Amino acid sequence: MSDQSTSHDKAAEVLRDHAEEADRNGRVAPESLEAVSASGGFALGTPAAFGGAGADAETVSRFLASLGRACPSTAWITGTCMVSKDLVATYLPESVQREFFADPDGLACGSGLPSCGRGEPVAGGIRVTGAWPNVSGCEDATWATLALMIDARPHLAAIPVADLTVRRTWHMAGMRGTASHSLAADGVLVPAERIADWSVPPLAKRLAYALTVLGPVVGAARGALDVIDELFASDRKPYMTTYSRMGESPGARHWLAEATHLVDRAERTMLAVARAADSPDLSDGDGVGLQRDLAGAGGDCRAAVELMLDLYGASGFDTASPLQRYWRDVAVGSRHPHLRNYLAAERLGSALADRRIGQQ
(Lines give C-alpha, C1' and ligand atoms only; values in the text may rest on other atoms or scores of the structure.)
Protein backbone atom coordinates (compact mmCIF):
# COMPACT_ATOMS: atom_id res chain seq x y z
CA MET A 1 0.00 0.00 0.00
CA SER A 2 1.37 3.43 -0.95
CA ASP A 3 2.04 6.16 1.61
CA GLN A 4 -0.72 8.22 -0.04
CA SER A 5 -3.27 5.40 0.31
CA THR A 6 -2.29 4.95 3.95
CA SER A 7 -2.76 8.68 4.53
CA HIS A 8 -6.19 8.58 2.91
CA ASP A 9 -7.22 5.58 5.01
CA LYS A 10 -6.11 7.29 8.20
CA ALA A 11 -8.06 10.40 7.28
CA ALA A 12 -11.18 8.36 6.58
CA GLU A 13 -10.88 6.64 9.95
CA VAL A 14 -10.71 9.99 11.74
CA LEU A 15 -13.67 11.32 9.74
CA ARG A 16 -15.74 8.24 10.55
CA ASP A 17 -15.03 8.66 14.26
CA HIS A 18 -16.23 12.29 14.16
CA ALA A 19 -19.08 12.08 11.63
CA GLU A 20 -21.83 12.00 14.23
CA GLU A 21 -20.22 14.94 16.01
CA ALA A 22 -20.18 16.97 12.79
CA ASP A 23 -23.86 16.22 12.23
CA ARG A 24 -24.80 17.05 15.81
CA ASN A 25 -22.77 20.28 16.04
CA GLY A 26 -23.49 21.49 12.51
CA ARG A 27 -19.78 21.87 11.81
CA VAL A 28 -16.94 19.57 10.82
CA ALA A 29 -14.83 18.54 13.80
CA PRO A 30 -11.35 20.10 14.10
CA GLU A 31 -9.85 16.61 14.12
CA SER A 32 -11.44 15.89 10.74
CA LEU A 33 -10.16 19.15 9.26
CA GLU A 34 -6.66 18.34 10.46
CA ALA A 35 -6.86 14.82 9.03
CA VAL A 36 -7.97 16.03 5.59
CA SER A 37 -5.29 18.70 5.55
CA ALA A 38 -2.62 16.13 6.49
CA SER A 39 -3.81 13.81 3.71
CA GLY A 40 -3.53 16.55 1.08
CA GLY A 41 -7.27 16.95 0.59
CA PHE A 42 -7.31 20.72 0.83
CA ALA A 43 -4.41 20.93 -1.62
CA LEU A 44 -6.26 19.09 -4.42
CA GLY A 45 -7.00 22.39 -6.16
CA THR A 46 -3.72 24.10 -5.24
CA PRO A 47 -1.47 24.28 -8.31
CA ALA A 48 1.70 22.23 -8.21
CA ALA A 49 3.71 25.44 -8.54
CA PHE A 50 2.47 26.45 -5.09
CA GLY A 51 2.99 23.08 -3.40
CA GLY A 52 -0.35 21.47 -4.18
CA ALA A 53 -1.61 18.50 -6.14
CA GLY A 54 -3.25 20.26 -9.08
CA ALA A 55 -5.27 17.05 -9.24
CA ASP A 56 -7.27 15.88 -12.24
CA ALA A 57 -11.02 15.17 -12.10
CA GLU A 58 -10.69 11.42 -11.60
CA THR A 59 -8.27 11.80 -8.70
CA VAL A 60 -10.53 14.36 -7.04
CA SER A 61 -13.63 12.21 -7.54
CA ARG A 62 -12.03 9.12 -6.02
CA PHE A 63 -10.66 11.08 -3.09
CA LEU A 64 -13.96 12.80 -2.29
CA ALA A 65 -15.87 9.52 -2.53
CA SER A 66 -13.44 7.91 -0.07
CA LEU A 67 -13.99 10.79 2.37
CA GLY A 68 -17.76 10.79 1.81
CA ARG A 69 -17.91 7.13 2.75
CA ALA A 70 -16.77 8.20 6.22
CA CYS A 71 -18.23 11.72 6.58
CA PRO A 72 -20.14 13.27 3.68
CA SER A 73 -20.04 16.78 5.16
CA THR A 74 -16.26 16.79 5.38
CA ALA A 75 -16.01 15.47 1.83
CA TRP A 76 -18.36 18.23 0.68
CA ILE A 77 -16.30 21.12 2.04
CA THR A 78 -13.17 19.46 0.66
CA GLY A 79 -14.79 19.55 -2.77
CA THR A 80 -15.86 23.18 -2.50
CA CYS A 81 -12.32 24.04 -1.41
CA MET A 82 -10.98 22.44 -4.58
CA VAL A 83 -13.39 24.47 -6.75
CA SER A 84 -12.54 27.75 -5.01
CA LYS A 85 -8.83 27.17 -5.45
CA ASP A 86 -9.17 26.15 -9.07
CA LEU A 87 -11.10 29.35 -9.80
CA VAL A 88 -8.32 31.46 -8.30
CA ALA A 89 -5.70 29.52 -10.27
CA THR A 90 -7.72 30.03 -13.47
CA TYR A 91 -8.86 33.64 -13.26
CA LEU A 92 -6.69 35.66 -10.87
CA PRO A 93 -3.14 36.90 -11.46
CA GLU A 94 -0.02 35.22 -10.11
CA SER A 95 0.53 37.93 -7.49
CA VAL A 96 -2.84 37.09 -5.94
CA GLN A 97 -2.22 33.37 -6.27
CA ARG A 98 1.02 33.66 -4.29
CA GLU A 99 -0.93 35.23 -1.44
CA PHE A 100 -3.94 32.93 -1.73
CA PHE A 101 -1.85 29.75 -1.88
CA ALA A 102 0.69 30.79 0.77
CA ASP A 103 -0.63 27.82 2.74
CA PRO A 104 -1.24 25.17 0.07
CA ASP A 105 -3.25 23.11 2.58
CA GLY A 106 -5.46 25.98 3.71
CA LEU A 107 -9.24 25.66 3.52
CA ALA A 108 -11.04 27.89 1.02
CA CYS A 109 -14.76 28.39 0.39
CA GLY A 110 -16.85 30.28 -2.09
CA SER A 111 -20.00 31.05 -4.03
CA GLY A 112 -20.58 31.24 -7.77
CA LEU A 113 -23.70 33.43 -7.56
CA PRO A 114 -22.79 36.85 -9.00
CA SER A 115 -26.29 38.19 -8.43
CA CYS A 116 -25.69 38.10 -4.67
CA GLY A 117 -23.02 40.81 -4.60
CA ARG A 118 -21.93 43.98 -6.30
CA GLY A 119 -18.70 45.91 -6.56
CA GLU A 120 -18.14 49.63 -6.93
CA PRO A 121 -14.80 50.93 -8.20
CA VAL A 122 -13.38 53.48 -5.75
CA ALA A 123 -9.99 54.90 -4.90
CA GLY A 124 -7.81 52.05 -3.67
CA GLY A 125 -9.80 49.19 -5.14
CA ILE A 126 -13.35 47.83 -5.35
CA ARG A 127 -15.96 48.37 -2.64
CA VAL A 128 -17.84 45.06 -2.29
CA THR A 129 -21.30 44.64 -0.78
CA GLY A 130 -23.52 41.58 -0.76
CA ALA A 131 -24.61 38.38 0.95
CA TRP A 132 -23.89 34.94 -0.50
CA PRO A 133 -25.88 31.94 0.80
CA ASN A 134 -24.79 28.33 1.17
CA VAL A 135 -21.03 28.92 1.46
CA SER A 136 -19.88 25.52 2.69
CA GLY A 137 -17.11 25.50 5.28
CA CYS A 138 -17.07 29.29 5.64
CA GLU A 139 -16.62 29.19 9.43
CA ASP A 140 -13.29 27.40 9.09
CA ALA A 141 -12.00 28.77 5.79
CA THR A 142 -9.24 31.34 5.42
CA TRP A 143 -10.21 32.64 1.97
CA ALA A 144 -13.46 32.97 0.03
CA THR A 145 -13.88 33.24 -3.73
CA LEU A 146 -17.09 35.13 -4.40
CA ALA A 147 -18.82 35.97 -7.66
CA LEU A 148 -20.28 39.48 -7.95
CA MET A 149 -21.45 42.03 -10.49
CA ILE A 150 -19.46 45.11 -11.46
CA ASP A 151 -20.89 47.38 -14.14
CA ALA A 152 -23.39 44.66 -15.11
CA ARG A 153 -20.61 42.13 -15.74
CA PRO A 154 -19.80 39.06 -13.60
CA HIS A 155 -16.51 39.09 -11.74
CA LEU A 156 -14.72 36.85 -9.28
CA ALA A 157 -13.18 38.15 -6.06
CA ALA A 158 -10.75 36.57 -3.60
CA ILE A 159 -11.47 37.93 -0.11
CA PRO A 160 -10.12 36.85 3.29
CA VAL A 161 -12.98 35.41 5.34
CA ALA A 162 -11.81 37.58 8.23
CA ASP A 163 -13.03 40.61 6.23
CA LEU A 164 -16.52 39.13 5.92
CA THR A 165 -19.37 38.33 8.28
CA VAL A 166 -20.70 34.80 8.75
CA ARG A 167 -24.50 34.69 9.07
CA ARG A 168 -25.65 31.37 10.51
CA THR A 169 -28.39 30.56 8.02
CA TRP A 170 -27.77 26.82 7.40
CA HIS A 171 -30.61 24.87 9.05
CA MET A 172 -30.94 21.74 6.95
CA ALA A 173 -31.96 18.13 7.50
CA GLY A 174 -28.84 16.77 5.80
CA MET A 175 -25.25 17.79 5.13
CA ARG A 176 -25.50 19.59 8.45
CA GLY A 177 -21.77 19.48 9.10
CA THR A 178 -20.99 21.52 5.99
CA ALA A 179 -21.99 24.65 7.92
CA SER A 180 -23.05 26.18 4.61
CA HIS A 181 -23.94 29.52 6.13
CA SER A 182 -24.10 32.90 4.40
CA LEU A 183 -21.13 35.22 3.97
CA ALA A 184 -21.83 38.95 3.96
CA ALA A 185 -19.75 41.95 2.89
CA ASP A 186 -20.71 45.44 3.98
CA GLY A 187 -18.68 47.77 1.84
CA VAL A 188 -15.48 45.74 2.08
CA LEU A 189 -12.60 47.38 0.20
CA VAL A 190 -10.90 44.76 -1.97
CA PRO A 191 -7.68 45.50 -3.89
CA ALA A 192 -8.46 45.64 -7.60
CA GLU A 193 -5.95 42.89 -8.42
CA ARG A 194 -7.96 40.43 -6.31
CA ILE A 195 -10.96 40.82 -8.63
CA ALA A 196 -11.11 39.60 -12.23
CA ASP A 197 -13.61 39.27 -15.06
CA TRP A 198 -15.36 35.95 -14.81
CA SER A 199 -16.70 34.09 -17.82
CA VAL A 200 -18.49 30.77 -17.96
CA PRO A 201 -15.85 28.05 -17.42
CA PRO A 202 -15.25 25.54 -20.23
CA LEU A 203 -17.14 22.25 -20.20
CA ALA A 204 -14.28 20.23 -18.70
CA LYS A 205 -14.13 22.51 -15.67
CA ARG A 206 -17.92 22.60 -15.27
CA LEU A 207 -17.94 18.81 -15.18
CA ALA A 208 -15.03 18.74 -12.73
CA TYR A 209 -16.87 21.14 -10.44
CA ALA A 210 -20.05 19.06 -10.63
CA LEU A 211 -18.05 15.97 -9.70
CA THR A 212 -17.06 17.62 -6.42
CA VAL A 213 -20.77 17.44 -5.58
CA LEU A 214 -21.34 13.91 -6.82
CA GLY A 215 -18.22 12.45 -5.18
CA PRO A 216 -19.40 13.00 -1.59
CA VAL A 217 -22.87 11.70 -2.48
CA VAL A 218 -21.49 8.51 -4.02
CA GLY A 219 -19.27 8.10 -0.98
CA ALA A 220 -22.24 8.56 1.35
CA ALA A 221 -24.20 5.87 -0.49
CA ARG A 222 -21.20 3.56 -0.19
CA GLY A 223 -21.01 4.34 3.53
CA ALA A 224 -24.67 3.43 3.91
CA LEU A 225 -23.96 0.16 2.14
CA ASP A 226 -21.23 -0.53 4.71
CA VAL A 227 -23.92 -0.32 7.39
CA ILE A 228 -26.08 -2.82 5.49
CA ASP A 229 -23.13 -5.17 5.04
CA GLU A 230 -22.75 -5.19 8.83
CA LEU A 231 -26.45 -5.96 9.12
CA PHE A 232 -26.11 -9.03 6.90
CA ALA A 233 -23.01 -10.14 8.81
CA SER A 234 -24.88 -9.98 12.13
CA ASP A 235 -27.37 -12.46 13.58
CA ARG A 236 -30.25 -10.03 13.22
CA LYS A 237 -33.23 -11.43 11.33
CA PRO A 238 -36.18 -9.81 9.57
CA TYR A 239 -38.75 -9.10 12.26
CA MET A 240 -41.93 -11.19 12.37
CA THR A 241 -40.49 -13.89 10.10
CA THR A 242 -39.19 -17.42 10.58
CA TYR A 243 -35.79 -16.54 9.11
CA SER A 244 -32.86 -16.77 11.49
CA ARG A 245 -30.73 -14.23 9.57
CA MET A 246 -31.23 -11.50 6.98
CA GLY A 247 -29.31 -13.46 4.37
CA GLU A 248 -31.82 -16.31 4.46
CA SER A 249 -34.50 -14.10 2.91
CA PRO A 250 -34.56 -14.17 -0.91
CA GLY A 251 -36.25 -10.77 -0.85
CA ALA A 252 -33.54 -9.30 1.37
CA ARG A 253 -30.83 -10.72 -0.87
CA HIS A 254 -32.59 -9.23 -3.90
CA TRP A 255 -32.80 -5.79 -2.24
CA LEU A 256 -29.13 -6.02 -1.22
CA ALA A 257 -28.13 -6.89 -4.78
CA GLU A 258 -30.18 -4.04 -6.22
CA ALA A 259 -28.86 -1.48 -3.74
CA THR A 260 -25.28 -2.59 -4.38
CA HIS A 261 -25.83 -2.44 -8.14
CA LEU A 262 -27.15 1.12 -7.91
CA VAL A 263 -24.20 2.31 -5.82
CA ASP A 264 -21.73 0.56 -8.12
CA ARG A 265 -23.41 2.09 -11.16
CA ALA A 266 -23.29 5.57 -9.62
CA GLU A 267 -19.59 5.15 -8.94
CA ARG A 268 -18.89 3.87 -12.45
CA THR A 269 -20.78 6.83 -13.89
CA MET A 270 -18.86 9.25 -11.70
CA LEU A 271 -15.53 7.86 -12.87
CA ALA A 272 -16.60 7.75 -16.52
CA VAL A 273 -17.58 11.42 -16.42
CA ALA A 274 -14.33 12.25 -14.63
CA ARG A 275 -12.31 10.54 -17.35
CA ALA A 276 -14.30 12.41 -19.97
CA ALA A 277 -13.57 15.70 -18.19
CA ASP A 278 -9.86 14.82 -18.18
CA SER A 279 -9.86 13.78 -21.84
CA PRO A 280 -8.47 16.08 -24.53
CA ASP A 281 -11.16 14.70 -26.86
CA LEU A 282 -14.06 16.20 -24.86
CA SER A 283 -16.33 18.35 -27.02
CA ASP A 284 -19.10 20.79 -26.15
CA GLY A 285 -21.58 18.41 -27.77
CA ASP A 286 -20.89 15.91 -24.99
CA GLY A 287 -22.04 18.31 -22.31
CA VAL A 288 -25.78 17.70 -21.90
CA GLY A 289 -25.37 13.92 -22.02
CA LEU A 290 -22.64 13.90 -19.38
CA GLN A 291 -24.60 16.28 -17.16
CA ARG A 292 -27.60 13.93 -17.40
CA ASP A 293 -25.30 11.07 -16.43
CA LEU A 294 -24.20 12.98 -13.33
CA ALA A 295 -27.77 13.70 -12.29
CA GLY A 296 -28.73 10.08 -12.91
CA ALA A 297 -25.92 8.91 -10.65
CA GLY A 298 -27.24 11.13 -7.87
CA GLY A 299 -30.67 9.57 -8.36
CA ASP A 300 -29.14 6.09 -8.19
CA CYS A 301 -27.62 6.96 -4.82
CA ARG A 302 -30.98 8.12 -3.48
CA ALA A 303 -32.76 4.99 -4.73
CA ALA A 304 -30.07 2.75 -3.27
CA VAL A 305 -30.31 4.25 0.20
CA GLU A 306 -34.11 3.91 0.15
CA LEU A 307 -33.69 0.18 -0.49
CA MET A 308 -31.21 -0.03 2.37
CA LEU A 309 -33.69 1.59 4.73
CA ASP A 310 -36.31 -0.95 3.63
CA LEU A 311 -33.86 -3.67 4.66
CA TYR A 312 -32.92 -2.09 7.96
CA GLY A 313 -36.46 -1.27 8.96
CA ALA A 314 -37.73 1.54 11.18
CA SER A 315 -34.73 1.24 13.49
CA GLY A 316 -32.62 2.69 10.70
CA PHE A 317 -34.23 6.03 11.52
CA ASP A 318 -33.01 5.96 15.11
CA THR A 319 -31.05 9.18 15.63
CA ALA A 320 -28.09 7.08 16.82
CA SER A 321 -28.01 5.11 13.56
CA PRO A 322 -25.43 6.16 10.98
CA LEU A 323 -27.81 4.94 8.27
CA GLN A 324 -30.24 7.80 8.78
CA ARG A 325 -27.34 10.28 8.67
CA TYR A 326 -26.22 8.92 5.32
CA TRP A 327 -29.84 8.98 4.12
CA ARG A 328 -30.25 12.65 5.03
CA ASP A 329 -26.91 13.62 3.52
CA VAL A 330 -27.66 11.82 0.24
CA ALA A 331 -31.16 13.31 0.13
CA VAL A 332 -29.82 16.85 0.42
CA GLY A 333 -26.53 16.53 -1.48
CA SER A 334 -28.05 14.78 -4.49
CA ARG A 335 -30.45 17.69 -4.98
CA HIS A 336 -27.72 20.24 -5.59
CA PRO A 337 -28.30 22.15 -8.86
CA HIS A 338 -25.45 20.22 -10.49
CA LEU A 339 -27.43 17.00 -9.97
CA ARG A 340 -30.98 18.21 -10.56
CA ASN A 341 -32.50 15.34 -12.52
CA TYR A 342 -35.48 16.99 -14.17
CA LEU A 343 -33.45 19.91 -15.54
CA ALA A 344 -30.72 17.59 -16.82
CA ALA A 345 -33.38 15.50 -18.56
CA GLU A 346 -35.01 18.63 -19.97
CA ARG A 347 -31.72 19.89 -21.44
CA LEU A 348 -30.86 16.52 -22.91
CA GLY A 349 -34.33 16.21 -24.42
CA SER A 350 -34.08 19.67 -25.96
CA ALA A 351 -30.67 18.89 -27.43
CA LEU A 352 -31.86 15.61 -28.89
CA ALA A 353 -34.99 17.21 -30.36
CA ASP A 354 -32.98 20.05 -31.89
CA ARG A 355 -30.55 17.57 -33.39
CA ARG A 356 -33.34 15.58 -35.01
CA ILE A 357 -35.01 18.71 -36.35
CA GLY A 358 -31.68 19.78 -37.80
CA GLN A 359 -31.35 16.44 -39.58
CA GLN A 360 -34.65 16.81 -41.38
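Where does aspartate 286 lie? Aspartate 286 sits in the loop between helix 7 and helix 8 (287–312). Helices (H or I, at least four residues) and strands (E, at least two) are DSSP runs, numbered from the N terminus.

This is a predicted model, in which local features need pLDDT of at least 70, side-chain atom pairs count only at pLDDT 80 or more, and totals for chains, interfaces and linings use all residues. Residues are numbered from 1 along each chain as its sequence is written, and side-chain values use heavy atoms, with hydrogens and water left out.

**The loop residue**

Aspartate 286 is partly exposed, at 32% relative accessibility. Buried means under 20% relative accessible area, exposed over 50%, and partly exposed in between (1.4 Å probe, protein chains only). Aspartate 286 touches Leu203 and Asp281, residues up to four places away in sequence not being counted. Contact means heavy atoms within 4.5 Å. From aspartate 286 to methionine 175 the separation is 111 residues in sequence and 30 Å in space, C-alpha to C-alpha.

**Salt bridges**

Side chains of opposite charge can pair when their charged atoms come close. The structure holds 16 salt bridges. A salt bridge is a side-chain nitrogen of Lys or Arg within 4 Å of a carboxyl oxygen of Asp or Glu.

| Pair | N to O distance |
|---|---|
| Aspartate 86 and lysine 205 | 2.9 Å |
| Arginine 153 and aspartate 197 | 3.7 Å |
| Arginine 222 and glutamate 267 | 2.5 Å |

Take the salt bridge of aspartate 86 and lysine 205. Aspartate 86 lies in helix 4 (residues 72–91) and lysine 205 in helix 6 (residues 203–233), so the pair ties together parts 119 residues apart in sequence. Aspartate 86 is buried at 14% relative accessibility. Lysine 205 is partly exposed at 24%.

Next comes the salt bridge of arginine 153 and aspartate 197. This pair links distant parts of the chain, 44 residues apart: arginine 153 is in strand 5 (residues 153–160) and aspartate 197 in strand 8 (residues 195–197). Arginine 153 is partly exposed, at 47% relative accessibility. Aspartate 197 is partly exposed too, with a relative accessible area of 44%.

Arginine 222 belongs to helix 6 and glutamate 267 to helix 7 (residues 250–278), so parts 45 residues apart in sequence are tied together. Arginine 222 is buried at 14% relative accessibility, while glutamate 267 is partly exposed at 26%.

Elsewhere, salt bridges link Arg27, Glu139, Asp140 and Arg168 in a network.

**A buried arginine and the cavity**

Arginine 325 lies in helix 9 (residues 322–333). Arginine 325 is buried yet has no salt bridge. The nearest side chain of opposite charge, aspartate 23, is 5.2 Å away. For charge, Lys and Arg count as positive and Asp and Glu as negative; His and the chain ends are not counted. Leaving aside neighbours within four places in sequence, arginine 325 contacts Ala19, Glu20, Asp23 and Ala320.

Rolling a probe the size of a water molecule over the atoms shows where empty space is left. On a 1 Å grid over the protein atoms alone, a cavity is a set of points where a 1.4 Å probe fits but cannot get out, and a pocket is an open set with protein on both sides within 12 Å along at least five of seven lines; lining residues have an atom within 4 Å of a point. Grid points are joined across faces, edges and corners, and a volume is the space filled by probe spheres set on the points.

The structure holds 1 cavity of 30 Å³ or more. The largest cavity has a volume of about 80 Å³. Its lining includes Ala19, Asp23 and Arg325. Helix 9 gives the largest share of that lining, 4 residues.

The largest pocket has a volume of about 1,300 Å³. Of its 45 lining residues, Gly112, Val213, His336, Pro337 and His338 are the closest to its centre.

The second largest pocket has a volume of about 380 Å³. It is lined by 16 residues, and Arg62, Phe63, Ala65, Ser66 and Glu267 lie nearest its centre. Helix 3 (57–68) is among the elements that supply at least two residues of this lining. Helix 3 gives the most, with 6 residues.
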